[in-house]
Amino acid sequence: MPPAAALQDDAFDHDAALQACARGDPQALRSIYERETRYLLGVALRIVRDRATAEDVLHDAFVSIWERASSFDASRGTGRGWIYSIVRHAALNRVRNSARETVLDEPATAHMDAQAAFAAWQESGDELARQAALGRLGHCLDGLEPARRACLLHAYVDGCTHSEIAERVQAPLGTVKVWIQRALRALRECMQ
Amino acid sequence: MSGETQQSLPPDDLHTQAGEYVLGTLNANQRRSIESRLTYEPALRAAVDEWEQRLLPLTSLAEPIEPAAGLWQRIVASIAQPKATQVTAAKIHWWQWDSLSLWRGLTGTGFAAAAVLSAVLVAREAPPPAAPRYFVVLAAPQSQSPGWLVQAQTEGRLRLVPLGTDNVPAEKSLQFWTKGDGWSAPVSLGLVKPGEAIEVPVDKLPPLQPNQLFELTLEPYGGSPIGRPTGPIQFIGRAVKI
């Protein structure tokens, strides 16, 4: 599945919508919901891997967005990024607090994973769309060793723990931890 | 102290830690630890902000999913709820109050009486620990009469002691909160039953600071649905070092 390039359409002003939420305008929250829920739900579902839980996460995240809109600070990052961060961390806290690791090992989901999505993205020939979707990050990920890149993608997109990643990339846990730290350093350097 | 070791970490490790937090590989305890540090470590917060922006494009690798029809209604019901129970002045949250006359008022008679009482309670307690000790008198915002006492004598634990019995409506709960300087929002310390002392572990929180705010609010039964105070303040006070 190629990345949704439409996401990068800048017509919607997330910062202004958040500022309106901070003033107590529920229409602004509705506009964010209409604009972003399908994508946010997709992000949450990949992490929590259960439809009902993902919707609970979205519910809680939208209540947080409403309540915390006044703390959004545009000098620290984009409004869109702020919204996605709230959803991702709500999803991550949900799965980490419930210690999912023991239950989860569905081989089916392991195949429909982030690495596959990235590979499909790499193979899609449309360079312009690729640039639009992942930009500099895509270029820097391309430059990582495939196993290390896979670790980052399993973590960020699939919400995997270190041990889940170790299982997916078939490498020892300690090795995976080191790979991730090195990949983060390399990525940060590349993107500076 | 842990704050010192964290500050002496090479900047690279700070960025790696922040990166792992944003990636999501940390366990629940590590995540809570980072989240509590974010409020008072600007360098860590900046590093996390950078990673959030850096990795954001990867969210486009998740396939969009249509939400169930009722999701928006659930959200609306939840954001409407706090407004219905809000009795205090709208839009001004207590943690945003900046030493208003309230705090000057608290140094009045009620405060003094409770201070004496707390000294008595402290004297009755076990051997004096080495860590700095604090107490907080929680007083009613209007009458300023003291209602509860917070004692921090054992490291990592707080004790909340009632000075009387409050009336809490059956469909409501009293919820206990705290907020230190520089925290972005209050943290819940749990629910409280009128007239009953409780002990709260606070070892996951940053160390208690002088002047740290404590608060009891009236919340929907079972506690605030959003993790932030939504109802009227019943008692409020700031930590004083003994």
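This is a predicted model: local features need pLDDT of at least 70, side-chain atom pairs count only at pLDDT 80 or more; totals for chains, interfaces and linings use all residues.
**Notebook: chains A and B**

I began with strand pairing in chain B: β3(B) and strand β6 (residues 198-201) of chain B run antiparallel and are joined by 4 bridges.

I picked W148(B) and traced its bridge partner in β3(B), which is P162(B).

Which residue takes a positive phi in the hairpin of β2(B) and β3(B)? I went through the 4 residues between the strands and the hairpin as a whole, and G156(B) turned up with a phi near 80°.

**Helix α4 of chain B**

I wanted to know whether the length of this helix fits its residue count. Helix α4 of chain B covers residues 42-55, so its 14 residues should span 20 Å at 1.5 Å a residue, and I get 20 Å between the end C-alpha atoms, which agrees.

For burial in α4(B), I listed L44(B), A47(B), V48(B), D49(B), W51(B), E52(B), R54(B) and L55(B). I noted that the list takes in D49(B), E52(B) and R54(B) as well as W51(B). A reminder for reading such a list: with 3.6 residues a turn, residues three or four places apart in an α-helix point the same way.

**Chain A**

I moved to chain A and counted 10 helices and 0 strands. Read from the N terminus, the elements go α-α-α-α-α-α-α-α-α-α.

I looked up burial over the whole chain: 43% of the 192 residues of chain A count as buried. For contacts in chain A with a separation of 6 or more, I found that 71% come from residues 24 or more positions apart.

I did the length check on α4(A) as well. Its 19 residues reach 27 Å from first C-alpha to last, close to the 27 Å expected at 1.5 Å a residue. I have α4(A) down as mostly covered, with 15 of its 19 residues buried.

**Where A meets B**

Last stop, the interface: I count 52 residues of chain A in contact with 38 residues of chain B. On the chain A side, the elements giving two or more residues are α2 (26-48), α3 (51-68), α4 (79-97), α6 (114-123), α7 (127-142), α8 (146-156) and α10 (173-191).

Which element gives the largest share of that side? I found α2(A), with 10 residues. By residue type, I sorted the side of chain A that touches chain B into 29 nonpolar, 15 polar and 8 charged.

Conventions: Residues are numbered from 1 along each chain as its sequence is written. Chains are lettered from A and ligands numbered from 1 in the order in which they are written. The expected span of a helix is 1.5 Å times one less than its number of residues. A residue is buried if 20 or more other C-beta atoms lie within 10 Å of its own, exposed if 12 or fewer, and partly exposed in between; C-beta atoms are placed from the backbone. Two residues are in contact if their C-beta atoms, placed from the backbone, lie within 7 Å. Ala, Val, Leu, Ile, Met, Phe, Trp, Tyr, Cys and Pro count as nonpolar, Asp, Glu, Lys and Arg as charged, and the others, Gly among them, as polar. Two strands pair if DSSP finds at least two bridges between them.
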